[in-house]
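Hi there,

Here is the structure I promised to pass on to you. Have a look at it first, and then read my notes below.

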Amino acid sequence: MWHCILVLLLVPLWPLASAFPSPNAARSPAGFALAVNPKKDASRNFVRDWAAARHKWGKGVPREIASSFALIDGVGQVDVEPIGSDDIYVADVQVGSPPQTLKLALDTGSSDLYRVNQKGPWAPRYHPNDSTTAHLIQDARWSVEYLDGTSADGIVYHDTVHLGNFKVENAAVQSAEMVTSRFEEEIELSGILGLAKRLPNNVSPPVPSFLSLLRQQLEHQMIGVDLNRNASGLFTFGYLNESRTSEAITWVDTDPDSPHWDIEFNLTTWGEQTTPWYSQKFKATIDTGTTLMFLPDNLASGYWFTVPGMKMDQRLANAFTFPCEVAKDLPNLMLKIPGSDRTLTIPGSYLNYGPVEIDPSYCWGGMQSAEDLSVTVIGDIMLKALYLAFDLERGRVGFAHKDLYDVD
């Protein structure tokens with residue numbers, strides 16, 4: 001049995017930080033900040049990001065598609081690698097005594113688990129035997145089952161988590177013994193840190209959630225998220241960094257019945273400000289752990305059919321592609337913030353994912369159709385253009401524009 005190679009902290013979870021004095025950690029009187037960095041020296045892979053989203057939010061990847069793109073491994077599971085060039089953001093988090101630094105992806109959708117790569121090399125691993133504060137919770141197990149029927153499980157420890165100037169003792173640390181193979185060969189990721197609003201506790205017998213422990217120490221129940229395209233970002237906990245915004249934050253209530261950060265939009269448009277608004281209600285999950293953006297099919301189709309030369313890739317369930325030469329001229333995408341007169345504007349250039357591997361003259365659309373997904377997802381393609389705020393106490397999401405220095 002492998003001991004705690006990869007860590008998944010107890011769900012529902014909230015932001016953790018790099019620990020004891022570290023260049024990644026910043027402190028304020030009210031909380032702490034955690035720098036997140038894109039994976040180094042990586043090339044983007046649309047097919048795997050698309051497959052990762054379907055695996056997480058849909059019914060899995062159809063076998064014929066997985067076969068044609070070599071996404072099937074030896075035991076018939078889908079092997080997707082969602083971490084590419086600025087596709088997902090990784091932070092250093094310290095666990096144990098003395099602290100052990102682990103690399104965790106901060107994921108507000110928080111539903112992915114992973115297993116050991118038996119061949120190595122490995123990402124930094126959690127070694128409970130090296131921690132004087134680690135204690136195995138006898139007979140405690142955790143498990144989760146994916147929508148496509150695959151499952152994962154492991155054991156649970158109590159240990160100390162160091163968060164900037166905070167120290168959370170007896171936090172439940174879920175250790176994966178077996179998981180889906182999507183992260184097996186990822187050497188820059190120790191695990192995922194789930195930040196979903198209110199996911200059920202998967203530990204049996206139940207133990208207190210990490211959120212309940214951390215919230216006792218946060219003076220202000222806020223999380224700020226500042227992701228950036230092709231650059232590092234910052235998560236703040238206990239306060240918001242409004243110096244990064246170019247306007248006041250507008251708040252939207254989330255669906256009280258959903259365990260995720262789900263909000264409802266009802267007006268969408270693209271192109272010039274004089275274009276008509278399309279009135280259609282849809283609920284969207286705000287997910288920092290999904291690279292792509294998925295809109296209702298008629299809205300996604302309406303956007304891409306305005307782009308000259310657009311083609312649908314039939315190999316990949318009619319994914320949208322377009323001539324790379326028009327990438328700088330893609331229309332801006334706009335969503336009206338419900339209950340306000342404010343509009344969220346995503347620069348068209350942000351919707352260019354990058355070249356299609358077999359035909360580099362065409363590029364993949366970073367926004368795709370949510371057809372066959374169980375939800376509509378607002379992923380990093382959009383989130384990098386905005387400043388986000390999560391109100392833990394009132395269950396709200398806040399949006400604000402910020403200065404963008406890479407719009408081309």
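Leaving aside its neighbours within four places in sequence, which residues is T250 in contact with? They are I337, S340, R342, V397, G398 and F399, where contact means heavy atoms within 4.5 Å.

Before going on, please note that this is a predicted model: local features need pLDDT of at least 70, side-chain atom pairs count only at pLDDT 80 or more, and totals for chains, interfaces and linings use all residues. Residues are numbered from 1 along each chain as its sequence is written, and side-chain values use heavy atoms, with hydrogens and water left out.

Back to T250. This residue lies in strand β13 (residues 250–253); helices (H or I, at least four residues) and strands (E, at least two) are DSSP runs, numbered from the N terminus. T250 counts as buried because its relative accessibility is 9%, and buried means under 20% relative accessible area, exposed over 50%, and partly exposed in between (1.4 Å probe, protein chains only). The side chains of T250 and R342 are joined by a polar contact of 2.7 Å, that is, a pair of N or O atoms within 3.5 Å; within protein, one must be able to donate a hydrogen and the other to accept it, and residues adjacent in sequence count only if both atoms are side-chain atoms.

Now for the whole chain. There are five helices and 26 strands in the chain, and 60% of its 408 residues count as buried.

The largest nonpolar core has 85 residues, of which I286, M293, W304 and F399 touch the most other members. A nonpolar core is a set of buried Ala, Val, Leu, Ile, Met, Phe, Trp, Tyr and Cys residues joined through side-chain atoms within 4.5 Å. Helix α1 (residues 46–57) gives this core its largest share, six residues. Domain 1 (69–237) and domain 2 (242–401) both contribute residues, so this core lies between them; the domain bounds come from an automatic or database domain assignment.

Finally, how confident is the predictor? The average pLDDT (the predictor's confidence in each residue, from 0 to 100) is 77 for the chain, and 71% of the residues score at least 70. Confidence is lowest in strand β1 (residues 6–9), with a mean of 35, and highest in strand β18 (residues 319–323), at 97. Where pLDDT is low, the predicted coordinates should not be read in detail.

Enjoy exploring!
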